[in-house]
Amino acid sequence: MQLSPDDITAIFLSLKLAGTVTFLLLLLCTPLAWWLAHSTSILKPIISAFVALPLVLPPTVLGFYFLIIAGPSGPLGSLTEALGLGLLPFTYWGLVVASLFYSLPFVVQPLQNAFEIQGRRPMEIAATLGARPIDGFFSVMLPLCRPAYITAATLGFAHTLGEFGLILMMGGNIPGETRVVSVQIYNHVEALEYGNAHSLAALMLGFSLLILLLLYSFQGRKLIGFKS
Amino acid sequence: MPFTYADTIHVAVASNFTAAFEQLKTQFESESEHKLITSYGSTGKLYAQIVHGAPFQIFLAADTQSIEKLIEQKRVRPANHFVYAEGQLALWGRLIPAGTEENNTNLIRPLLTGTSLKKLALANPKTAPYGFAAQSVLQHLELLPELNHKLVYGENITQTLQFVSTGNAQLGFVALSQLIAKPTEQSPYIAVPIEFYPPIRQAAALLDSAQDYAAAVSFWRFLQSDQAQQIILENGYTVATSS
């Protein structure tokens, strides 16, 4: 294993980014997925389409528009500058905002499916037992949907960890700030440092495989549990 | 194969040279039956592709090292390479006052040390020759430690230009050739004095696999013609001194 201090910094940055994004996505996607699961609004197909966009768009498209929208002449850029936050591109929080959108469907969809499968019934029963909606959600719905939350968190985390094209477009390759593992691997390959690239790439492959293995073995057990 | 047949020639071209190459291609194709198929990319990526068997016959790199490596690996004969252009660096961005002349080099230091500069874009010094040159300029001016936290790196010189043209970086070191090529980017810039950085020598090679291929050889000769050198000059490069 050849890991330079820069490589270690990139690994911690990637983990921090994926962790932050997953946490924020779970918070944001719970109400969004709930609304999508239960709404009959005419807005639902439009919102659903926007949520699914990152699944089909190449990251370069997202990165390109992010640079424009979050730049000084774009609406998001004007807003962040007016709020005294400066511009988002080339910053860690810029990566967080872009990744929230990029990984959104991976968190929304498992939650939405779970809410749809459970239906309104558990909440109604909780209500007849005197639980307020919020109370019912936390003490009945959330435990019922725990497998979906684990799936959503794992996929959101793993997908953000594997993000590359978008970060390359708007990150600016800054050590400790926006130079995540995937970008660092790319740098090594471009600089013909294949040994370093290998170490990091193998680490990434092993780690991602491990996460998915854990997820699927957990899901397998849970499914059997449901049937009995 | 007689040269009167229309053949295709695969050429790999460093991305900074895109605009100049398009003109060379138009000129060559108007005089020849042959067609050029061009792949643009960073020198490192194109080099890796050639080593792994990409079917390029001619390679126009942004540096001399990658061509030297190909010579070491016996993929190119020493006689089949030359420096086709020397790149020039320009400082460009919204902070440069309207009406600034390109030779107004006294402005470089005050612009770089001003407080309005939040992000300074350059290409990745480790992988892009123009990035290395830009870093050398900052070292020459002894501003590297001071500006380190403001630097953002494009993966190649084209992306660096994009960082500046979207306004996300207020200034950036780009290739002079890019500014000359794009009329839409005709806002003021300053040409960085060539004493500030080591020369950006760009070398081309005719790959061994193509040296008996008449179409590739005819383009190789065209590249070295006065006519081609004139086009290269007009695109913001100095024509090479020998390597």
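This briefing covers the fold of chain A, the contact between chain A and chain B, and a handful of individual residues in both chains. The model is predicted. Chain A is built from 12 helices and 0 strands, and 24 of its residues are in contact with 24 residues of chain B. Between them the two chains bury about 1,900 Å², and the count of salt bridges joining them is 1.

**Chain A as a whole**

- Read from one end of the sequence to the other, chain A follows the pattern α-α-α-α-α-α-α-α-α-α-α-α, in keeping with a secondary structure of 12 helices and 0 strands.
- The C-alpha trace of chain A spans about 65 × 45 × 30 Å along its principal axes, and of the 228 residues in the chain, 45% count as buried.
- Among the contacts in chain A with a separation of 6 or more, 70% are accounted for by residues 24 or more positions apart.
- An unreviewed UniProt entry places the feature "domain: ABC transmembrane type-1" at residues 11–215 of chain A; in the model this span is 78% helix and 0% strand, and its end C-alpha atoms lie 21 Å apart.

- Of the area of about 1,900 Å² that chain A and chain B bury between them, 56% is on carbon and sulfur atoms.
- F90(A), E190(A) and L192(A) supply 31% of the area that chain A buries against chain B, which is more than any other three residues supply.
- The polar part of the contact comprises 10 residue pairs in polar contact between chain A and chain B, counted where both residues are at pLDDT 80 or more.
- The count of salt bridges between the two chains is 1, and in a salt bridge the side chain of E193(A) meets that of K126(B), with a distance of 3.3 Å from N to O.
- Three helices of chain A, namely α3 (59–69), α10 (165–170) and α11 (181–190), each supply at least two residues of the side that touches chain B, and α11(A) gives the most to that side, with 4 residues.
- Sorted by class, the side of chain A that touches chain B has 16 nonpolar, 6 polar and 2 charged residues.

**Individual residues of chain A**

- F90(A), one of the three residues that together supply 31% of the area chain A buries against chain B, is placed in the loop between α4 (75–82) and α5 (92–102) of chain A.
- The phi of F90(A) is near 70°, a positive value in a residue other than glycine, and F90(A) counts as buried because its relative accessibility is 0%, where the cut-off for buried is under 20%.
- P122(A) is found in helix α7 (residues 121–128) of chain A, and its relative accessibility is 13%, so P122(A) counts as buried as well.
- When residues up to four places away in sequence are not counted, P122(A) touches V140(A), M141(A) and L144(A); of these, L144(A) is 22 residues from P122(A) in sequence and 9.0 Å from it in space, C-alpha to C-alpha.

**Individual residues of chain B**

- S66(B) lies in helix α3 (residues 65–72) of chain B and is buried, with a relative accessible area of 7%.
- Not counting residues up to four places away in sequence, S66(B) touches T43(B), Y47(B), F59(B) and A61(B), while S66(B) and G154(B), which are 88 residues apart in sequence, are 20 Å apart in space, C-alpha to C-alpha.
- T100(B) lies in the loop between β5 (89–92) and α4 (108–113) of chain B, and T100(B) counts as buried because its relative accessibility is 13%.
- A polar atom of the side chain of T100(B) lies 2.5 Å from the backbone oxygen of P97(B), and, leaving aside neighbours within four places in sequence, T100(B) is in contact with L107(B), P188(B), Y189(B) and I190(B).
- K74(B) is found in the loop between α3 and β4 (81–87) of chain B, and K74(B) has a positive phi of about 60° although it is not a glycine.
- K74(B) has a relative accessible area of 67% and is therefore exposed, the cut-off for exposed being over 50%.

Definitions and conventions
Residues are numbered from 1 along each chain as its sequence is written. Chains are lettered from A and ligands numbered from 1 in the order in which they are written. Side-chain values use heavy atoms; hydrogens and water are left out. UniProt positions are given in the numbering used here, feature names are shortened, and annotations may be inferred rather than shown by experiment. Contact means heavy atoms within 4.5 Å. Buried area is the accessible area (1.4 Å probe) that two parts lose on being put together, summed over both. A salt bridge is a side-chain nitrogen of Lys or Arg within 4 Å of a carboxyl oxygen of Asp or Glu. A polar contact is a pair of N or O atoms within 3.5 Å; within protein, one must be able to donate a hydrogen and the other to accept it, and residues adjacent in sequence count only if both atoms are side-chain atoms. Ala, Val, Leu, Ile, Met, Phe, Trp, Tyr, Cys and Pro count as nonpolar, Asp, Glu, Lys and Arg as charged, and the others, Gly among them, as polar. Buried means under 20% relative accessible area, exposed over 50%, partly exposed in between (1.4 Å probe, protein chains only).
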